[in-house]
Amino acid sequence: ERKFIQTYFNIKNMIKKISLVLFFIYSFLASSQEKKNTTYFDAQLFRGNIYKHTDDIGHLITGHPDGFMLSYNWKTFGKKEWEQVYNYPDYGVSFHYLDFKNKYLGYNFAVGLHYNFYFLNRHLLLRISQGIGVTSNLYNKETNNKNNAFGTRVMDNTYLMLQYKKENIIDRIGLQAGFMLNQFSNG
């Protein structure tokens, strides 16, 4: 238990440091752009449920997972043909943290690349992301044998988001709300 608490506080400190670094990178990039509104940063909070896709994971569903996501995005303007064909999608990099609210699962981090595709006059956003995830509590025969979900520390991470998006409500501040499906996989 002591090792778990120490690991927990080490990762919490790492989150603070990564958030600070991302903020400074964003501040530098946003102020150095010659074109107006070619990049943007978004921060999102989320809360959800674990989907019981097999009976073997029922004991791992003890609370509502929550977390946050930080994303840095680049807009496209049709300079390349594929940008016009796909309705001027955005692309970017995202970092997210997910607390499963379960002592066996712990929490996960992920970094990934994504594309944002737009529909309905650019108000409906579909984001597709692929990246790498890291878990705090992986399966261990002696210390964490209840965790039959995460067998390796480093995993594949895929997520899909479907959101309503309204840009520039107040200056460059907008609103996004919707649904996200998040998958961490050992395979």
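**Exercise 1. Which residue forms a salt bridge with Asp42, and how far apart are the closest N and O atoms?**

Solution. 
- The model is predicted.
- Start at the side chain of Asp42. Its salt-bridge partner is Arg127.
- The closest N and O atoms of Asp42 and Arg127 are 3.3 Å apart. The cut-off for a salt bridge is 4 Å, so the pair qualifies.
- Now place the two residues. Asp42 lies in strand 1 and Arg127 in strand 5.
- The pair therefore ties together parts that are 85 residues apart in sequence.
- Check the surroundings. Both Asp42 and Arg127 are buried.

**Exercise 2. Find the order of the strands in the open sheet, and name its edges.**

Solution. 
- Count the strands. The open sheet has seven.
- Read off the order. It is 1-2-3-4-5-6-7, with antiparallel pairing.
- Look for strands that pair on one side only. These are strand 1 (39-47) and strand 7 (173-185), the edge strands.
- Strands of a sheet pair through backbone hydrogen bonds, either parallel or antiparallel.

**Exercise 3. Trace the bridge partners from Ala43 through Leu70 to strand 3.**

Solution. 
- Begin with strand 1 and strand 2. They pair in the antiparallel sense over nine bridges.
- Take Ala43. Its bridge partner in strand 2 is Leu70.
- Move on to strand 3, residues 90-99. Strand 2 and strand 3 run antiparallel, joined by nine bridges.
- Take Leu70 again. In strand 3 it stands opposite Phe95.
- Finish with the cover on strand 2, residues 66-74. This strand is mostly covered, with seven of its nine residues buried.

**Exercise 4. Describe the link from strand 4 to strand 5, then the pairing of strand 5 with strand 6.**

Solution. 
- Strand 4 spans residues 107-119. It pairs with strand 5 in the antiparallel sense over 12 bridges.
- Look at the connection. Strand 4 and strand 5 form a hairpin, with four residues between them.
- Inspect Leu120 in the turn. Its phi is positive, about 50 degrees.
- Find a bridge pair. Phe119 has Leu124 in strand 5 as its bridge partner.
- Continue to strand 6. Strand 5 (residues 124-135) and strand 6 (residues 154-170) pair antiparallel over 11 bridges.
- Pick out two pairs. Leu125 has Gln163 in strand 6 as its bridge partner. Ile128 stands opposite Leu160 in strand 6.

**Exercise 5. How many salt bridges are there, and which residues does the network join?**

Solution. 
- Take the total. There are six salt bridges.
- Examine Lys165 and Glu167. Their side chains meet in a salt bridge at 3.4 Å, N to O.
- Lys165 has a relative accessible area of 4%, so it is buried. Glu167 is at 34%, so it counts as partly exposed.
- Turn to the network. Salt bridges that share partners join Asp66, Asp99 and Lys101.
- Look at one contact within it. Asp99 and Lys101 meet through their side chains at 3.6 Å, N to O.
- Asp99 is at 16% relative accessible area, so it is buried. Lys101 is at 36%, so it is partly exposed.

Key: Residues are numbered from 1 along each chain as its sequence is written. This is a predicted model: local features need pLDDT of at least 70, side-chain atom pairs count only at pLDDT 80 or more; totals for chains, interfaces and linings use all residues. Side-chain values use heavy atoms; hydrogens and water are left out. Two strands pair if DSSP finds at least two bridges between them. Helices (H or I, at least four residues) and strands (E, at least two) are DSSP runs, numbered from the N terminus. Buried means under 20% relative accessible area, exposed over 50%, partly exposed in between (1.4 Å probe, protein chains only).
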